[in-house]
Number of protein chains: 2
Amino acid sequence: MAGRPREFDRDQALEKAQDAFWTRGYEGTSMADLVSTLGIASARIYAAFGSKEDLFREAVGLYEANEGGFATRALAQEPTARRVIERMLREAVETYTRPGRPQGCMVVSAATNCAVENDRLLEWLAEHRRARTVSIVERLNEAVRDGELKPDTDARALGDYYAALLHGLSVQARDGVPKERLHDLVTVAMQALDARRAERS
Amino acid sequence: MAGRPREFDRDQALEKAQDAFWTRGYEGTSMADLVSTLGIASARIYAAFGSKEDLFREAVGLYEANEGGFATRALAQEPTARRVIERMLREAVETYTRPGRPQGCMVVSAATNCAVENDRLLEWLAEHRRARTVSIVERLNEAVRDGELKPDTDARALGDYYAALLHGLSVQARDGVPKERLHDLVTVAMQALDARRAERS
DNA sequence: CAGATTATTTGTCGATCGATAAAAAATGGA
DNA sequence: TCCATTTTTTATCGATCGACAAATAATCTG
């Protein structure tokens with residue numbers, strides 16, 4: 001273990017790359033943009049991160065481990081499906097509209113339209129979105145088994161519904177719809193779940 | 001009025017451009033792509049349509065006048081807000097998942113992440129989405145005034161809710177969620193409106 | 001100190017981006 | 001028939017794309 005020590009903070013550079021990709025997407029952020037945003041020469045970026053694509057994947061990982069991890073956190077920490085869903089949506093609204101931060105969801109908007117040669121990235125993000133949908137559906141199925149929701153509840157339809165809403169929230173946030181209106185919209189959306197709650201003793 | 005007659009079908013070329021932009025987005029579709037898709041040299045494209053951006057705007061216009069015009073059509077043709085909303089969502093699902101056609105909504109996905117120099121296009125599409133939201137909210141407000149919906153209904157929240165869902169449906173369709181599941185999800189979403197319907201004599 | 005290792009600097013690579021100039025070809029009108 | 005007009009053909013433009021090679025500099029080990 002030797003060699004010249006790195007002169008820049010790799011984690012800090014990764015954060016800056018995350019924000020750039022989150023704001024403008026993968027193809028919307030050029031290497032020249034990254035050079036000026038990170039403040040280091042392109043050869044240093046390649047030495048530290050491998051390629052633009054590698055950097056992007058690492059940036060998405062950082063996003064999902066922090067700001068974008070609200071779904072995972074809600075699923076892990078909330079005791080009921082009702083609370084999982086509401087917390088997930090409320091935190092999504094907050095994250096998507098945070099002042100001074102990139103708007104919307106990085107996983108939804110960073111690679112939606114891109115050239116053929118980057119289809120792998122597009123598919124990679126799509127798989128992340130589908131996985132999130134699956135985890136929501138599974139949690140709702142669990143709630144049906146537990147008796148939290150009525151036995152005849154269509155958990156998949158309900159899960160698809162909240163997943164679609166989550167993705168729609170991202171588009172709305174990017175369009176500049178204010179946080180308060182998004183919260184009001186979530187309130188409307190929670191009725192679908194409340195209508196399926198079982199009467200408990 | 002003279003000059004050499006055009007040798008290709010302009011409308012047909014515009015349709016092909018629409019499909020290309022719809023599939024891969026504005027920046028994801030290069031001039032080289034357009035040349036091979038339309039089957040004509042780039043100089044001819046510029047002569048007929050002005051620029052890549054002009055061609056894109058014209059292609060979006062074509063989309064909104066046909067496949068993408070379901071919201072306008074539903075608003076103009078259906079007698080009740082209930083029927084407007086359901087027809088709009090059902091037709092959206094059909095349009096977004098049509099076999100052999102580009103998936104999702106062109107207005108939602110053709111310019112979500114792009115470079116700084118194309119921010120005008122991004123903002124232009126965002127304005128289209130916001131305008132659609134406004135027209136939905138206005139229709140729901142009208143329904144409250146008409147007595148179709150309960151007097152204490154928050155029409156804006158409800159309109160924002162259906163707009164968000166519409167945008168989410170586009171993302172889901174692009175992710176390959178099958179049509180049937182999207183219809184089931186729409187069924188769940190219709191409950192929010194039904195809960196606001198007034199009891200009529 | 002010398003040698004191995006890693007980072008930084010500097011310059012540049014071939015490919016592709018959107019766009020156009022100039023010349024040739026095909027029409028209608030006088 | 002000849003001219004004005006428009007399209008097509010052909011070739012190419014400068015800018016930018018992502019990526020890297022080679023030389024230099026800074027560290028640890030022995």
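The model is a predicted one. Chain B superposes on chain A by a rotation of 180° with 0.0 Å of shift along the axis, at an RMSD of 0.0 Å. The two copies are thus related as by a two-fold rotation axis. DNA strand C has 23 residues around it, and 23 residues likewise surround DNA strand D.

**Fold of chain A**

- Chain A has ten helices and zero strands, and its pattern along the sequence reads α-α-α-α-α-α-α-α-α-α.
- The C-alpha trace of chain A spans about 65 × 40 × 30 Å along its principal axes.
- Of the 201 residues in chain A, 52% are buried.
- When contacts in chain A between residues at least 6 apart in sequence are considered, 69% of them join residues at least 24 apart.

**Symmetry, interface and core**

- A rotation of 180° relates the chains, and the C-alpha of chain B nearest the axis belongs to B:Gly168, at 1.9 Å from it.
- The copies meet through the same surface, because 98% of the interface residues of chain B are also interface residues in chain A.
- The largest nonpolar core contains 128 residues.
- The residues with the most contacts inside this core are A:Leu89, A:Tyr161, B:Leu89, B:Tyr161 and B:Tyr162.
- Leaving aside residues up to four places away in sequence, B:Tyr162 touches B:Ile85, B:Leu89, B:Ala189, B:Met190, B:Ala192 and B:Leu193.

- The residues that come nearest to DNA strand C are A:Arg4, A:Glu7, B:Met31, B:Tyr46 and B:Lys52.
- Sugar or phosphate accounts for 71% of the atoms of DNA strand C within 4 Å of the protein, and bases account for the rest.
- On the phosphate side, a polar side-chain atom of A:Arg44 lies 2.8 Å from a phosphate oxygen of DNA strand C.
- Helix 3 of chain B provides the largest share, three residues.
- The surface near DNA strand C comprises twelve nonpolar, five polar and six charged residues.

**Surface near DNA strand D**

- The residues closest to DNA strand D are A:Met31, A:Tyr46, A:Lys52, B:Gly3 and B:Glu7.
- Of the atoms of DNA strand D within 4 Å of the protein, 70% are from sugar or phosphate and the rest from bases.
- Phosphate oxygens of DNA strand D lie 2.6 Å from a side-chain N or O atom of A:Lys52 and 2.5 Å from a backbone N or O atom of B:Glu7.
- A base oxygen of DNA strand D lies 3.0 Å from a backbone N or O atom of B:Arg4.
- Helix 2 (31-38) and helix 3 of chain A, together with helix 3 of chain B, each give two or more residues to this surface.
- Helix 3 of chain A supplies the largest share, three residues.
- By class, twelve nonpolar, five polar and six charged residues make up the surface near DNA strand D.

Methods:
Residues are numbered from 1 along each chain as its sequence is written. Chains are lettered from A and ligands numbered from 1 in the order in which they are written. This is a predicted model: local features need pLDDT of at least 70, side-chain atom pairs count only at pLDDT 80 or more; totals for chains, interfaces and linings use all residues. Side-chain values use heavy atoms; hydrogens and water are left out. A residue is near a molecule or strand if one of its heavy atoms lies within 4 Å of it. A polar contact is a pair of N or O atoms within 3.5 Å; within protein, one must be able to donate a hydrogen and the other to accept it, and residues adjacent in sequence count only if both atoms are side-chain atoms. Helices (H or I, at least four residues) and strands (E, at least two) are DSSP runs, numbered from the N terminus. Ala, Val, Leu, Ile, Met, Phe, Trp, Tyr, Cys and Pro count as nonpolar, Asp, Glu, Lys and Arg as charged, and the others, Gly among them, as polar. Copies are superposed by least squares on the C-alpha atoms of residues with pLDDT of at least 70 in both. Contact means heavy atoms within 4.5 Å. A nonpolar core is a set of buried Ala, Val, Leu, Ile, Met, Phe, Trp, Tyr and Cys residues joined through side-chain atoms within 4.5 Å. Buried means under 20% relative accessible area, exposed over 50%, partly exposed in between (1.4 Å probe, protein chains only).
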